[in-house]
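Please look over the structure shown here with attention to its nonpolar core, its sheet and a few individual residues. The briefing that follows takes these topics in turn.

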Amino acid sequence: MNPITMQLVADKYIRIALEEDINSEDVSTNAVMPGYKKGEVKLICKQDGIIAGLGVFERVFKILDAQTEVTYEMKDGRAVRDGDSVKEGEVLAVVTGDIRVLLSGERTALNYLQRLSGIATYTNSVAKLLAGTGTKLLDTRKTTPGMRIFEKYAVKVGGGCNHRYNLSDGVLLKDNHIDAAGGIKQAVEAARAYAPFVRKIEIETENLDMVKEAVEAGADIIMLDNMTAGEMAEAVKYIDGRAETECSGNITKENIETITSLGIDYVSSGALTHSAPILDISLKHLKVLENENA
């Protein structure tokens, strides 16, 4: 993650997560470690997968104590970094610093790293199924509150692409917007009149009749929502390049192969962020460093 983004945006969410876990003190840590002692602990991967969120993991400890150091292991002649394939039992890094910080920051740091690595790993497995098809894999806004910036980053690390970041980031007219406007034509016309000219207008359709209306209304992107493979094939043929196409609706790793030959431009999947399992990663073998008391 870009260091500027980390400082400007991500830090506030990391601080909220830390404050959620330590609202007054870490009673357990303060009981066994009442004063400063320097120590180190190893970051160990317990599953094969794609690592993501190392910068967020490190930032948790840096916020607690800027003197904390994270030393990444060498892999293929360079330090481990986001996007790397990791293996069960592999040591990824060593975290060194005030033992109180290592203990108090452990859970929050691992929560981020496990979650983001799980998303990257799942996304990567789905993206591989689309390799060579010309269809791009997108995420959605179905993210965990307070985690969107991190989860969408993990999707990119895993080989996917980001759909709009939030409601200010693009025009997407769904069924309720269409109902509110009085129809597809009216919704597209209203969006065209209101939104800046640099914004593309995407509209959700559920059948071929709606697709035809969207084409006639001049939509830039037409979402084919919860259609069968046959219906989507017919829709793509009708659209014939007059708009970009996106497939959406309960798309998962298990069923994505049904749309890979249809020539759709994009496929969006909420499962990338709302259903990806975590990647099991631990901080283990904490060691007090001799002669390092302050």
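**Core, sheet and selected residues**

Phe150 touches Met1, Ala10, Tyr13, Ile14, Val56, Tyr112 and Leu116, residues up to four places away in sequence being left out, where contact means heavy atoms within 4.5 Å. The model is a predicted one, in which local features need pLDDT of at least 70 and side-chain atom pairs count only at pLDDT 80 or more, whereas totals for chains, interfaces and linings use all residues. Residues are numbered from 1 along each chain as its sequence is written, and side-chain values use heavy atoms, with hydrogens and water left out.

**Nonpolar core**

- The largest nonpolar core holds 81 residues, of which Ile14, Leu43, Phe57, Phe150, Ile222 and Leu224 touch the most other members; such a core is a set of buried Ala, Val, Leu, Ile, Met, Phe, Trp, Tyr and Cys residues joined through side-chain atoms within 4.5 Å.
- Helix 4 (residues 99-130) gives the most to this core, contributing 13 residues, with helices (H or I, at least four residues) and strands (E, at least two) taken as DSSP runs numbered from the N terminus.
- In soluble globular proteins, nonpolar side chains tend to be buried together.

**Open sheet and the helices packed on it**

- Four strands form an open sheet in the order 3-7-1-14 with antiparallel pairing, where two strands pair if DSSP finds at least two bridges between them.
- Strand 3 (69-72) and strand 14 (281-288) are the edge strands, each pairing on one side only.
- Strand 1 (residues 38-45) and strand 7 (residues 91-98) pair in the antiparallel sense over seven bridges, and Leu43 stands opposite Ala93 in strand 7.
- Helix 3 (residues 54-64) packs on the sheet, touching strand 1, strand 3, strand 7 and strand 14, and its direction makes about 155 degrees with that of strand 3; axes are lines fitted to C-alpha atoms, for helices over the stretch in contact, and angles run from 0 to 180 degrees between N-to-C directions.
- Helix 4 also packs on the sheet, where it touches strand 1, strand 7 and strand 14, and its direction makes about 160 degrees with that of strand 14.

**Two individual residues**

- Met1 lies in the segment before helix 1 (3-21) and is partly exposed, with a relative accessible area of 27%; buried means under 20% relative accessible area, exposed over 50%, and partly exposed in between (1.4 Å probe, protein chains only).
- Thr123, found in helix 4, is buried with a relative accessible area of 0%.
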